[in-house]
Amino acid sequence: MLTDDERAAFLQSITRVRQRAAQALRQAQGADGAVAFIAQLHRGVDAVAEQARATGPQPACQAGCAHCCHLRVEATEPEVFHIAQHLRAQPPAAQADAISALQRHATTAALNPASPARQACSFLVDDRCSIYAHRPAACRKAHSLSVQHCSEQSATIPQNLRLLVDAEALMAGTTLAYRDRPLPASAHELNTAVLAALTDPAALHRWYQGDPAALGPTPAQDPHTPNTPQHS
Ligand code: SF4
């Protein structure tokens, strides 16, 4: 739990990020420019994760460890279109494989609508992320200080609070800057949303026109509204 002072600093940080990002987004050219801007958030989250590793407790995460890739992952519209553009630039066979994997994921998820099983992300290939350079901020922020907690599927995963606070401020501030533009930015289930973006060529245009349902129904609960990180 943050102290009152820490919470005030967290909210101020969101405001600073929002103002900087809104200014930069105003310069972005067209839908592609607005999508490409999301890479700035990703570089920022990578930087705070690197800083946390350099100064704080060491994450237990290692390449090939993919416990957190079996949990629900959410991404905003620009992140989803960023991934879809990357996949569309791949050879046709790779695109077809990606769509097949996303459709299998959707089918499996539909079989467990009430209590979804722990399902591997469709981008997880041989326990590695196949879209690592384009993965969403939620994946870049995710970490654990204890492999045991992850393998036991513990409800509470020990994490570095500094990393969480800094990453959440970047994510929330950037989301609010997109909304200021105004462009829809809400949290969507990653696999479902990327499938929608890949199979509906008009989705990007609708998003850029401000359609909040460009990638499907908007979520009832939006975790990108600033939430205060807490120790787990
Ligand atoms: S996008 Fe990559 S890092 Fe994120 S859950 Fe999927 S496989 Fe894991």
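**Note on the predicted model: core, helices and ligand shell**

1. The largest nonpolar core has 54 residues, and those touching the most other members are Val-80, Ala-84, Ala-167, Leu-170, Val-194 and Ala-197. Helix H8 gives the most to this core, contributing 11 residues. The model is a predicted one, and the points below should be read with that in mind.

2. Val-194 is one of the residues named above for touching the most other core members. Not counting residues up to four places away in sequence, Val-194 touches Val-80, Ile-83, Ala-84 and Leu-102. Val-80 and Ala-84 are themselves on the list of core residues with the most contacts to other members.

3. Helix H9 covers residues 190–199 and is mostly covered, with seven of its 10 residues buried. The buried residues are Leu-190, Asn-191, Ala-193, Val-194, Leu-195, Ala-197 and Leu-198. They pack against strand E1 (74–75), helix H4 (77–88), helix H5 (92–111), strand E4 and helix H10 (203–208).

4. Glu-189 belongs to strand E4, which consists of residues 188–189. Glu-189 is buried because 20 other C-beta atoms lie within 10 Å, and 20 or more is the cut-off for that class. Leaving aside neighbours within four places in sequence, Glu-189 is in contact with Arg-72 and Glu-74. Asp-200 is 11 residues from Glu-189 in sequence, and their C-alpha atoms are 16 Å apart in space.

5. Glu-79 counts as buried because 29 C-beta neighbours fall inside 10 Å. Its contacts, leaving aside neighbours within four places in sequence, are Ile-38, Pro-136 and Ala-137. Glu-79 and Asp-180 are 101 residues apart along the chain, with 17 Å between their C-alpha atoms.

6. Helix H1 has 24 residues (4–27), which at 1.5 Å a residue should span 34 Å; the end C-alpha atoms are 36 Å apart, so the two values agree. Buried in H1 are Phe-10, Ile-14, Val-17, Arg-18, Ala-21 and Leu-25. An α-helix has 3.6 residues a turn, so residues three or four places apart point the same way. The partners against which the buried residues of H1 pack are helix H2 (30–36) and helix H8 (161–180).

7. Which residues surround the ligand? They are Cys-69, Val-73, Cys-121, Phe-123, Leu-124, Cys-129, Ile-131, Arg-135 and Cys-139. By class, this shell has eight nonpolar residues, no polar ones and one charged residue. Arg-135 is the charged member, because Arg counts as charged, whereas Cys, Val, Phe, Leu and Ile count as nonpolar.

8. For the overall fold, the protein chain has 10 helices and four strands. From the N terminus on, the order is α-α-α-β-α-α-β-β-α-α-α-β-α-α. The radius of gyration is 18 Å, close to the 17 Å that the globule rule gives for 232 residues, so the chain is as compact as a globular protein of that length. The C-alpha trace spans about 45 × 45 × 35 Å along its principal axes.

9. Of the contacts between residues at least 6 apart in sequence, 79% join residues at least 24 apart.

Terms used:
Residues numbered from 1 in each chain as written. Predicted model: local features only at pLDDT ≥ 70, side-chain atom pairs only at ≥ 80, totals over all residues. Helix = DSSP H or I, 4+ residues; strand = E, 2+ residues; numbered from the N terminus. Rg over C-alpha atoms; globule rule 2.2 N^0.38 Å. Contact = placed C-beta atoms within 7 Å. Near = placed C-beta within 6 Å. Expected span 1.5 Å × (residues − 1). Buried ≥ 20, exposed ≤ 12 C-beta atoms within 10 Å, placed from the backbone. Core = buried A, V, L, I, M, F, W, Y, C linked by C-beta atoms within 7 Å.
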